[in-house]
Protein chains: 2
Amino acid sequence: AAAPKRRAGNGRTKIAIRRIEKKGARQVCFAKRRQGLFNKANELAVMCGAQVAAVTFSDGGKAFSFGHPSAEAVVDRFLAGGGALVQGAAADDDELKKLHQLHGELRTRLKEVKARKGRVVEAMAK
Amino acid sequence: AAAPKRRAGNGRTKIAIRRIEKKGARQVCFAKRRQGLFNKANELAVMCGAQVAAVTFSDGGKAFSFGHPSAEAVVDRFLAGGGALVQGAAADDDELKKLHQLHGELRTRLKEVKARKGRVVEAMAK
DNA sequence: GTGGCTATCATTAGTAA
DNA sequence: CTTACTAATGATAGCCA
């Protein structure tokens with residue numbers, strides 16, 4: 001008798017939260033997790049009666065968004081409120097740590113963009 | 001003899017994705033899931049090298065946000081780009097300017113928080 | 001690019017502090 | 001508001017169609 005042969009599959013394997021190097025796997029992961037993120041955002045909005053917006057730009061620069069009641073509405077309100085309240089007003093000490101981290105990320109990002117801009121300018125000179 | 005009494009708790013129970021009526025439970029749920037959402041957003045950003053922003057307003061109208069590299073940067077790009085996004089020097093130059101401004105704001109903010117923390121520490125010493 | 005599958009890891013409902 | 005705990009639900013890595 002032929003056993004109903006299970007599909008090959010090792011189940012979920014544990015992975016670290018760092019950049020996925022393989023391009024293909026990274027894209028698949030982006031698509032799946034983007035969907036998961038939007039789903040979580042929707043659940044938060046429905047269950048807690050909160051306004052939620054989530055926006056992401058893929059590696060390729062393509063934009064995706066989710067919002068309740070709409071991404072634009074929430075985003076507008078966010079900018080209008082002038083509120084640059086990061087991660088909720090936690091304890092000062094905690095917030096200080098977060099600001100330091102943000103600062104570090106910003107510096108890294110600045111360097112990246114500057115480097116890219118340099119290459120672009122150089123390319124245009126030719 | 002007193003048994004080492006486990007903490008009461010039935011573990012996670014299945015619930016429907018609809019508005020939570022009990023106010024207290026709704027607030028706790030909001031706090032937990034907001035944190036979970038931001039965590040997912042961060043993982044997506046790190047693992048897939050994508051820009052991500054998440055913004056929510058609680059029932060009480062309080063704003064919370066997360067962003068990589070920053071909520072404002074991603075949100076601005078979203079509103080500016082509308083949908084399709086262009087690459088090139090112009091886009092990079094614009095982003096560079098925004099990052100510089102953000103950097104300045106962050107430094108100001110850091111000083112403020114540090115000062116406040118100093119006052120708090122001093123107050124606690126008394 | 002999307003969707004199914006399985007085994008496994010991650011999140012979290014309910015509760016109390 | 002945040003945190004700790006337990007047990008169960010939910011999300012998903014890797015592989016294939």
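**Ground rules.** I worked with a predicted model, where local features need pLDDT of at least 70, side-chain atom pairs count only at pLDDT 80 or more, and totals for chains, interfaces and linings use all residues. Residues are numbered from 1 along each chain as its sequence is written, chains are lettered from A in the order in which they are written, and side-chain values use heavy atoms, with hydrogens and water left out.

**Chain A.** I looked up the elements and found 3 helices and 2 strands, in the order α-β-β-α-α from the N terminus. Helices here are DSSP runs of H or I with at least four residues, and strands are runs of E with at least two. Of the 126 residues, 30% are buried (under 20% relative accessible area, 1.4 Å probe, protein chains only). I noted an accessible surface of about 8,400 Å², with 52% from carbon and sulfur atoms (Shrake-Rupley method, 1.4 Å probe).

**Rings.** B:Phe30 and B:Phe64 have centres 6.0 Å apart and planes at 65°, so I logged them as edge-to-face (planes over 60 degrees apart). B:Phe30 sits in helix H1 and B:Phe64 in strand S2 of chain B, so this pair ties together parts 34 residues apart in sequence. Both residues, B:Phe30 and B:Phe64, are buried.

**Charges over rings.** My cut-offs were NZ of Lys or CZ of Arg within 6 Å of the ring centre and within 35 degrees of the ring normal. B:Arg34 has its charged end over the ring of B:Phe64, 3.8 Å from the centre. I also found A:Arg77 over the face of B:Phe57, at 3.9 Å from the ring centre.

Definitions and conventions
Buried < 20%, exposed > 50% of the residue type's maximum accessible area, 1.4 Å probe, protein only. Phe/Tyr/Trp six-rings, centres within 6.5 Å; stacked < 30°, edge-to-face > 60°.
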